[in-house]
Amino acid sequence: MKKSKKVAVFALCIALAFILSFLETLIPINIGVPGVKIGLANLVVVAALYLLDKKEAFAISMIKILISGLVFTGAFSLLYSFTGGILSFLVMLIAIKSEKISILGVSILGATVHNLGQIIVAAVVMETARIVYYLPVLLISGAIAGIIVGIISKIIVERLIKIDIK
């Protein structure tokens, strides 16, 4: 891919992730559990893992977390988001390299590990292990979100491969 096209695709991915983060703030998901969300912006990250260089996908993930955190949730939440995002990205990268896990499985792993990372940070910040009782709720909601993101990501990746985004 030419450098100019690469820069344009990278910028579009970041912009799309930001827009999806914004749209998610408009979706009234209130199941009585704080922190539960679909993670629409992760569509971009999962697709980038399959379509772009892994370093670019990681940069998109981290920039998405930074911009969305500063604009929508606040600076303190960045600690939770970056920890979850880094762990999630590493696990998804390992899963992709195994070549035995589908894009759906990669997405589910990413979502659940993201929540696991956030619980670890919460336990450290709150200085209590009792927050672990919240983990089953987050793992279930993460798996559901991972399924949704995985299905949509699969469609996106298949269509973008057909038009040769690379």
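This is a short exchange about a predicted model of one protein chain.

Biologist: How do you know whether the radius of gyration agrees with a compact globule?

Modeller: With 166 residues, a compact globule would come near 15 Å, and the chain has 16 Å, so the two agree. The C-alpha trace spans about 50 × 35 × 25 Å along its principal axes. Buried residues make up 41% of the 166 residues.

Biologist: What share of the contacts links residues 24 or more positions apart?

Modeller: Take the contacts with a separation of 6 or more. Residues 24 or more positions apart account for 70% of them.

Biologist: How do you know that the span of helix H1 agrees with its number of residues?

Modeller: H1 runs over residues 3-26, which is 24 residues. At 1.5 Å a residue they should span 34 Å; the end C-alpha atoms are 35 Å apart, so the span agrees.

Biologist: Which residues of H1 are buried, and what covers them?

Modeller: The buried ones are Val 9, Cys 13, Ile 14, Ala 17, Leu 20, Ser 21 and Glu 24. Their cover includes helix H2 (42-51) and helix H3 (54-73).

Biologist: Why do residues three or four places apart point the same way in an α-helix?

Modeller: Because an α-helix has 3.6 residues a turn.

Biologist: Why is the pair of Phe 58 and Phe 89 called edge-to-face?

Modeller: First, the count: there are four aromatic pairs by the ring rule. For Phe 58 and Phe 89, the ring centres are 5.1 Å apart, within the 6.5 Å limit, so the rings pair. Their planes stand at 65°, over the 60 degrees required, so the pair is edge-to-face. The pair links distant parts of the chain, with Phe 58 in helix H3 and Phe 89 in helix H4 (residues 77-98), 31 residues apart.

Biologist: Are Phe 58 and Phe 89 buried or partly exposed?

Modeller: Phe 89 has 3% relative accessibility, under the 20% cut-off, so Phe 89 is buried. Phe 58 has 29%, between 20% and 50%, so Phe 58 is partly exposed.

Biologist: Which residues form an aromatic cluster?

Modeller: Phe 18, Phe 22 and Phe 72 form one.

Biologist: Why is Ile 147 called partly exposed?

Modeller: Its relative accessibility is 36%, which lies between the 20% and 50% limits, so Ile 147 counts as partly exposed. Ile 147 lies in helix H6 (residues 135-162). Leaving out residues up to four places away in sequence, Ile 147 touches Leu 104 and Ile 108.

Biologist: What makes the phi of Glu 99 worth a note?

Modeller: The value is positive, near 60°, in a residue other than glycine. Glu 99 is found in the loop between H4 and helix H5 (103-126). At 72% relative accessibility, over the 50% cut-off, Glu 99 counts as exposed.

Biologist: What is the phi of Glu 127, and where does Glu 127 lie?

Modeller: Phi is positive, about 55°, although Glu 127 is not a glycine. Glu 127 lies in the loop between H5 and H6.

Biologist: How do you know that Glu 127 is exposed?

Modeller: Its relative accessibility is 72%, over 50%, so Glu 127 counts as exposed.

Key: Residues are numbered from 1 along each chain as its sequence is written. This is a predicted model: local features need pLDDT of at least 70, side-chain atom pairs count only at pLDDT 80 or more; totals for chains, interfaces and linings use all residues. Side-chain values use heavy atoms; hydrogens and water are left out. Helices (H or I, at least four residues) and strands (E, at least two) are DSSP runs, numbered from the N terminus. The expected span of a helix is 1.5 Å times one less than its number of residues. Buried means under 20% relative accessible area, exposed over 50%, partly exposed in between (1.4 Å probe, protein chains only). Contact means heavy atoms within 4.5 Å. Rings of Phe, Tyr and Trp (its six-membered ring) pair if their centres lie within 6.5 Å; planes under 30 degrees apart count as stacked, over 60 as edge-to-face and the rest as tilted. The radius of gyration is taken over C-alpha atoms; the globule rule is 2.2 Å times the number of residues to the power 0.38.
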